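Hi there,

Here is the structure I promised to pass on to you. Please open it next to this email, and then read on for what was found in it.

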Amino acid sequence: MTKRALITGITGQDGLYLSELLIEKGYDVYGLIRGQNNPKLDLVRETVPDVKLLTGDLTDVASLVRVFGDAQPDEVYNLGAISFVAYSWENASLTTDVTGKGVLNVLEATRLYAGSDVDKVRFYQASSSEMFGKVQQVPQSESTLLWPRSPYGVAKVFGHYMTINYRESYGMHASSGILFNHESPRRGPEFVTRKVSLAVARIKLGLQDKLTLGNLDAKRDWGFAGDYVRAMWAMLQQPVADDYVVATGETHTIKELLDVAFAAAGIEDWQPFVYQDPAFFRPAEVDLLIGDASKARDVLGWTPEVSFEQLVTMMVESDLKALSASRGSVPAALVTGATGQDGSYLVEA
Ligand code: NDP
Ligand code: GDR
């Protein structure tokens, strides 16, 4: 029988990669989409046209109950969240509602949907290496003490323990993937890897001459999103639910990211282009992330396939290609009298 999966966060980076993977495996995929006119709707329809979209919001438990009734899922992947760490200080309460309590809402909708048959559905929670926060132990594993350093991290810790609690309280097949940073050409431009790859491409094409960043000494364990969604799926295929760290085991500074990204565009020295601004520093930083994914390797058989250098080069090349294509396809026009009535309508058109 065809398996059915419900994904929250369908418009995000991971939602798209996971949809592609599940469709390739023959699943019927349902995606939760929010808002009356989500700007990423067209992107989802173009990238994964077979996904069926259902309207709802992580903060609205009634909408989730309805969506479960419509999708009748065998597997639920809870990827929806306010996921930008820097933003979480500015909107801590909203982040707590969506990234934290949103998990409880989906767990509760899952429990109600399953009723007395807990084996009816399996649940995946998108936990994060941001939960480790202040460095206690290197590399970080499933048993490392959690010490979150941002409102986002605190909200993720809530979701993580709530997932474990539902597993222990109700016997639900609820697993939590503690994923370290993973990136791709689909990464949002607010995150540092994509901010850098876009800027490098624009600098190369003469569209920009300056890249302003925050802390260049932070270290992250960066992998490829396409590799990481395989681990999510593998967790839900296990006979027993559990928690797994998913990481490459390699760490790099932002400076090393700059080295590889600029080199990928044929620019030897990034120093003349890169500036620092305190506005991009965080009130509290996670200084060092490096994950020990040996449990995922041993139990799930998971290993990453794309290296750091390949990942960063892929992102720069993708941005160069897209920017070159869009530049080539937009004709230039000179409008005299642009401030007048007709001129301003013409400029707008
Ligand atoms: P994105 O930021 O790309 O996507 C987040 C998704 O959440 C979007 O689809 C967004 O939809 C949705 N969303 C936000 N608010 C709500 C809401 N109130 N109701 C329903 N949906 C909502 O994240 P990623 O794809 O990168 O990450 C997926 C998950 O994995 C997130 O939970 C993230 O915190 C977690 N994670 C990510 C890591 C990474 O390195 N990428 C590492 C570890 C964990 P909309 O279009 O409506 O805004
Ligand atoms: P992170 O990713 O906070 O690890 O969260 P992000 O790319 O935003 O930051 C990584 C590191 O880069 C430093 N940095 C900058 N970051 C951004 N965004 N912009 C800058 O200009 C800049 N300059 C330096 C940051 O200080 C930080 O140390 C991501 C998200 O996907 C989370 O949802 C996920 O849970 C974690 O990864 C694991």
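Predicted model: local features only at pLDDT ≥ 70, side-chain atom pairs only at ≥ 80, totals over all residues.

The scores for the model are ipTM 0.99 and pTM 0.94.

Which residues of H3 are buried? In this helix, residues 61-71, they are Leu64, Val67, Phe68 and Ala71. They all sit on the same side of H3, because the arc they cover around the axis is only 100°. On the face of H3 turned away from the buried side you will find the exposed residues Ala62 and Gly69.

Phe68 counts as buried because it has 23 C-beta neighbours inside 10 Å, and a buried residue needs 20 or more. Leaving aside residues up to four places away in sequence, Phe68 touches Pro73, Ala109 and Tyr113.

**Some backbone details**

Just after H3 comes Gln72, with a positive phi of about 45°. Gln72 is not a glycine, and most residues other than glycine have a negative phi. You can find Gln72 in the loop between H3 and strand S4 (75-78). Is Gln72 buried, exposed or partly exposed? It counts as partly exposed, because it has 13 C-beta neighbours inside 10 Å.

H9 is followed by Gly266, which has a positive phi near 80°.

There is also a cis peptide bond to look at, between Val138 and Pro139, where omega is about -5°. As a general point, most peptide bonds are trans. Pro139 belongs to the loop between S5 and helix H6 (151-170).

Another proline, Pro151, is found in H6. Pro151 is buried, as 23 other C-beta atoms lie within 10 Å. Its contacts, not counting residues up to four places away in sequence, are Ser88, Trp89, Ala92, Thr95 and Thr96. Take Ala92: it is 59 residues from Pro151 along the chain, yet their C-alpha atoms are separated by 5.6 Å.

**The two ligands**

Ligand 1 has 28 residues around it, and those that come nearest are Gly9, Gly12, Gly80, Ala81 and Ala126. Helix H1 (13-24) and strand S5 (122-128) each give at least two residues to this shell. The largest share comes from H1, with 3 residues. Sorted by class, the shell around ligand 1 holds 9 nonpolar, 15 polar and 4 charged residues.

Now turn to ligand 2. How many residues surround it? There are 21, and the closest are Ser83, Val85, Ser128, Gly214 and Ala218. Helix H4 (85-90) and helix H7 (192-204) each supply at least two residues of the shell around ligand 2. By class, that shell has 9 nonpolar, 6 polar and 6 charged residues.

**The chain as a whole**

Now zoom out. The protein chain has 12 helices and 13 strands. Its radius of gyration is 21 Å, close to the 20 Å that the globule rule gives for 349 residues, so the chain is as compact as a globular protein of that length. The C-alpha atoms fill a box of roughly 70 × 50 × 35 Å along the principal axes. Of the 349 residues, 44% are buried. Among contacts in the chain with a separation of 6 or more, 77% are between residues 24 or more positions apart.

Enjoy exploring, and write back with any questions!

Best wishes

Technical notes
Residues numbered from 1 in each chain as written. Chains lettered and ligands numbered in written order. Buried ≥ 20, exposed ≤ 12 C-beta atoms within 10 Å, placed from the backbone. Helix = DSSP H or I, 4+ residues; strand = E, 2+ residues; numbered from the N terminus. Arc of directions from axis to C-beta. Near = placed C-beta within 6 Å. Nonpolar A, V, L, I, M, F, W, Y, C, P; charged D, E, K, R; others polar. Rg over C-alpha atoms; globule rule 2.2 N^0.38 Å. Contact = placed C-beta atoms within 7 Å.
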